[in-house]
Amino acid sequence: MATKHSRSAARLMMAPAVILLLGWMLVPLIMTLIFSFKQYLPLRGGDLGWVGFDNYVRFVSSSAFWPSVVATLTIVGGVLLITVIIGVLLAILLNQPMWGQGVVRILVIAPFFVMPTVSALVWKNMFMDPVNGLFAHLWRFFGAEPIAWLSEASLPSIVLIVSWQWLPFATLILLTAIQSLDGEQLEAAEMDGAPPLKRFGYITLPHLSRAITIVVLIQTIFLLAIFAEIFVTTGGAFGTRTLTYLIFQRVLESQNVGLGSAGGVYAIILANIVAIFLMRIVGKNLDA
Amino acid sequence: MARAVTQQRKIINTAAAWGVGLLIFFPILWTVLTSFKTEATAIADPPVFLAFDWTLENYSAVMERSNYARFLWNSIIIAGGSTILGIIVAVPAAWSMAFVPSTRTKDILLWMLSTKMLPAVGVLYPIYLICIKLGVLDSRGALVIILMLMNLPIIVWMLYTYFKEIPGEILEAARMDGATLKEEILYVLTPMAVPGIASTLLLNFILAWNEAFWTLNLTAANAAPLTAFIASYSSPEGLFFAKLSAASTMAIAPILILGWFSQKQLVSGLTFGAVK
Amino acid sequence: MSFKQALYAATAMTLVTASGALAENLVIATVNNGDMIRMQGLTQDFTDKTGHTVEWVTLEENVLRQRVTTDIAAKGGSFDIMTIGMYETPIWGANGWLVSLDDLSAEYDADDILPAMRAGLSHDGTLYAAPFYGESSMIMYRTDLMEKAGLEMPEAPTWQFIREAAAAMTDRDSDINGICLRGKAGWGEGGAFITVTGNSFGARWFDEDWNAQFDQPEWKEALTFFVDMMQESGPTGYATNGFNENLNLFQQGKCGMWIDATVAASFVTNPDDSTVADKVGFALAPNSEGVDRKANWLWAWALAVPAGTQKEAAAKEFIEWATSKDYIELVAENEGWANVPPGARTSLYENPNYQAVPFAQKTLDSILAADPTNPTVKPVPYVGVQFVAIPEFAGIATEVSQEFSAVYAGQQTVDEALAKAQALTNDAMEAAGYR
C-alpha cells in the first residue's frame, strides 16, 4: 500500500519529467498557435500582423491538402501492414530450430541502425536509379525495361524503403512474443489434428495481439513524422507529399511560417485522431 | 524417422532464414562493398560482386575532404549526452509511475507519447529564435537538451514497463527493514533495473544518433554531427556511388558495430519490456 | 578546432601580429559542387596570405538553401560567409541582410566582373555578392552521333531542329537517347529548365499585374513540345533526372544532346570522367522558330557576407581572395585551365590560355545572350531568367515543377498540370498579397 508519504514523494519524482515535457510541448505549441493566426513571412520582414483564420482556411483549401492527408495515411498504413505481416512470418521462421540463429538475427536487425538519410540515399541511388541502380541491372538481365521507381511507383518505393527500416523493430518484438508462446499448447493442438493455419489463427495470433499493438503504436508515432526519406528521394513529387512534407514546403520553401503553423495545428489534430482511433481499437491490449 | 524429419526441417529452416536475413542485410552489404570499389566499378554493368580490385581511395578522399573525427565526436557527445540526461530525468518519474500508480498514470504516459506528434518543422522558427536568444545556436548543449526532450517519452515509457516487472514484495520487504526511499532506490531497485536501463540507453542512443532534423538545422561548424557530414555527400555533381558509399559506411559503422556487440540488450530494449 | 588548424592559426597569428591585423576564424556555408570542393582544398593559400583560418560547412544544395535562409531570416549569425545564388541575392540585399561589397579593394577590380553577373548580384546598383562562378546554359552534343545522323548542328539551332536531330540520333537498341533534359521536380532543377523553355516559346510566369499565365497558349505549346520530344527521344524515367543524372548519362555516352549548365562542359570534356570527352560539340541554346528568346538561363554561385557579422573585414578578405583573378591563376596552375571557375570575370575570356579551352567562347556567348531584366518576349514585372526574383517563387515553382514532373512520369495530362499550376500560383500570390 502506498503511503501518503510515498505519494507526495512520487509526485515530486515525476515532476521534472512532467514539467520538462510540458514545457517542450507547450512552448512550441503556443508559439505555433500564435504564428498560425499571423501573417508571418520571414523574407518580407517577419511578423505582419494578425489575420484571423486566414491561414487555416488557406491551408485546407489548397489543392495539395487532401492528397497530402491521403499520402500520409497510405504510407503509414502501407508500412504498418507490411512490417506486421512480414514481421509475423519472419518471427515464426526465426523461432524454428536452425543453425546460426544469432547471426541471422544480427542480419535482420541491421537496417534499424541505419540513419534514415543514409538509407534513403542508398536506396535511391544504388538500387532504384533507373540507369545505374541494381534493380535496373536486374531488370535488364531478365530482358525487361527498367522501372523508374521513384516516379512511376513513387509511393510503393517509399513504403518499401521505410518498411525496410522498420521491419527489424517489428520482427524483434514479435519474435520475443512468439518465444514466450506455450509450446505444449501448440503440440496438443497438433495432436488433435488442427491444421497449421488453424493453429496459427487460434493460438499464435491471439498470443501476438499485444505485441502487434506495441508495434503499431510506436511505429505510427514515428511514421507520421517521416521526412528524410521523402526529402532525399522524391522531394514530395509524384504524390508522395505527406502532411509533414507539405508543412515543410510551406515553412521553408515558401517561407510562410503562418501558413505552415496552421498546417502544424492540423497535423496535431490528425495525429490525435489517429491516436484515438488506435487506442479505441487496440488500447485494451495495452493494459498490463 | 522423426529425427530425419526434424533434421530435414532444420536444414530447410536454416536455408530460408539465412536467405531472408541476407536479403534484408543486402543493401548494407552492397553499400559497404561499393565503398571499396573505384567509381567506374561501382556502376559497372553487369554489377561486380566481390571480384574487383579493392581500394581504399574513397575513404582517403572522404577523410581528406571532411573532418570526420569531429563529426563523429559530436555525434557521440550529442547522442550520449541526451540519452544519459534523459535517463536521469526519467528514472524517478518511471519509478513513481510503476510503484505508486494512480488512476492518471496511463493518461500521463499516453500524453507523454502524444508530445512526439508535433511536426518538428512547424516549430523550426520558434525554436531557432529561442536558441538565438539564449545564444546556444550551433552548440552541442542545445542539441543534447532538445534530443533529450524528444526521446524522453520513449525513455519514460520503456523504464516504466521494466520497473513494473520488478516484484513489489521486494520493495515492501525493504521498507519493512526500515530502508529509506533513497536506499530503496539505490540498493534495491537499481540493481534489478540495470538491464532495463541498459536497453533503454541503447535504443535511445540509436534514436538520437539518427535524428536528422534538429541536428542539421541547429548546427553550423562547431556542433555538427554525422547527419550533417552525410548532407555534404548527397547529390554532388557527377556519379559518385563509391564515395557516397564510403561516407555512408562511415556514418553508420559506429552505431552498427555498437548495436551488434550489444544486441542482447537491444533486443530486450526493442521489446519495450512489454512483451513476455 | 583540430590540432592542425590550431597550428595554422598559431603560425598565422605570429605572422599577422606584425602587420597589426587580427587573425579570425571564418565559418563559411557552401554547396558541395566540384568547384567549391576544389576551393576547400586550396584554402591553405588564403590562410598563408592573410592569417585567417576557415571552417567549412559543406551541404547539399537543397539543405544549404534551407539552412542559410533560416539563419539569415532569423538573424542567427551562424555563418560569416554564405554561398548563395542569383535568386537570393537581390531579395536579401533589398531586405538589408547583406553587407555591401562596393568597397572592395582596387586590385580586386570589381569592374572586371561580367556585367550580366554583376547586375544579377546587385540590388539598386549595389553589389551584395561576389560571383565565384557564373553559368548560362547551352547545347552539348555528340559530334560523332550528329555526323552519323547526317546532320550538322547550326551555331544557333531552333527547337524544331533539335527535335528532329534528337529523333535521328536516338538508337534505343544501343541505349542512346537523342536528347537528355531535366525533368526533376524542384525550382532549381526541372523548374529552371521548363521556365527557360517557356521563355523560348514566348511564355511567361506572370503578366504585368502578377496574374499567373499558365492558362495561356504559349505554355501549353512549350510543355506539349517538351513532353512529346522527350517521349520520342528522351531517356526512360527522365521525370527524376536533374543535372547530376543527366551528366552521368552523357558521360556514359547515353545521350546525343544535352542542354544544361555551361559549367557541365568541363565535366563532359574531362577524359578522366567522361567516355565521350573528345566527341563533344557546343552550340547556343535553342529557341522556337520566330521567338526572339533562347532557352538559356543565367546563374551564379556567389559569396555574400550577412549583415551583423563581427568579422566583416576578414570575410571581405576571403571573398576578395576566392573570387579574384589570382585565385583563377592558382586553380589553373594546379588543375589546368579547363577547371578554373568560369563565367565570372571578363579578363578570363580575354586570356589566351583560356581561349584555347574548347567551350570558353560558347560559354561567354551564352552568358551574354541572357538578359535577366528582359527575360521574355512579352513584358513582365519581374527580374530573373529562369526564376522570378520574389521571395515566394522558390515555393511556388517547386510545386509547379512537381505538377509538371507528374506529366513527365505519365501521371497526368499537360492540361491538368497547367490548370493546377495556374490555380496554385494564383493562390500563393494572393496569400503573399500581390493580387
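**Exercise 1.** In which sense do strand β7 and β10 of chain C pair, parallel or antiparallel, and over how many bridges?

*Solution.* The model is predicted. Strands of a sheet pair through backbone hydrogen bonds, in either a parallel or an antiparallel sense. Strand β7 of chain C covers residues 137-142, and its pairing with β10(C) is antiparallel, over five bridges. Within β10(C), Ala283(C) is the residue opposite Ile139(C).

**Exercise 2.** Find the order of the strands in the open sheet of chain C, and explain why β8 and β10 of chain C each have one side without a neighbour in the sheet.

*Solution.* Step one: the sheet has four strands in the order β8-β9-β7-β10 (chain C), and the pairing is mixed. Step two: β8 (177-180) and β10 (280-284) of chain C are at the edges; each has a single partner strand, so one side of each lacks a neighbour in the sheet. Step three: on average, neighbouring strands of this sheet are turned by 20° against each other, direction ignored.

Next comes the helix on the sheet. Helix α8 of chain C, residues 159-169, packs there and touches β8 and β9 (255-261) of chain C. The direction of α8 makes about 135° with that of β8(C).

**Exercise 3.** Describe how the two domains of chain C meet.

*Solution.* Begin with the bounds: domain 1 is 3-128 + 299-355, and domain 2 is 137-297 + 371-431. Their centres, taken over C-alpha atoms, are separated by 30 Å. In the contact, ten residues of domain 1 of chain C meet eleven residues of domain 2 of chain C. On the domain 1 side, α5 (88-94) and α6 (115-120) of chain C each supply at least two residues. The residues of that side divide into seven nonpolar, three polar and no charged.

Definitions and conventions:
Residues numbered from 1 in each chain as written. Chains lettered and ligands numbered in written order. Predicted model: local features only at pLDDT ≥ 70, side-chain atom pairs only at ≥ 80, totals over all residues. Pairing = 2+ DSSP bridges. Axes fitted to C-alpha atoms, helices over the stretch in contact; angles between N-to-C directions. Contact = placed C-beta atoms within 7 Å. Domains from an automatic or database assignment. Nonpolar A, V, L, I, M, F, W, Y, C, P; charged D, E, K, R; others polar.
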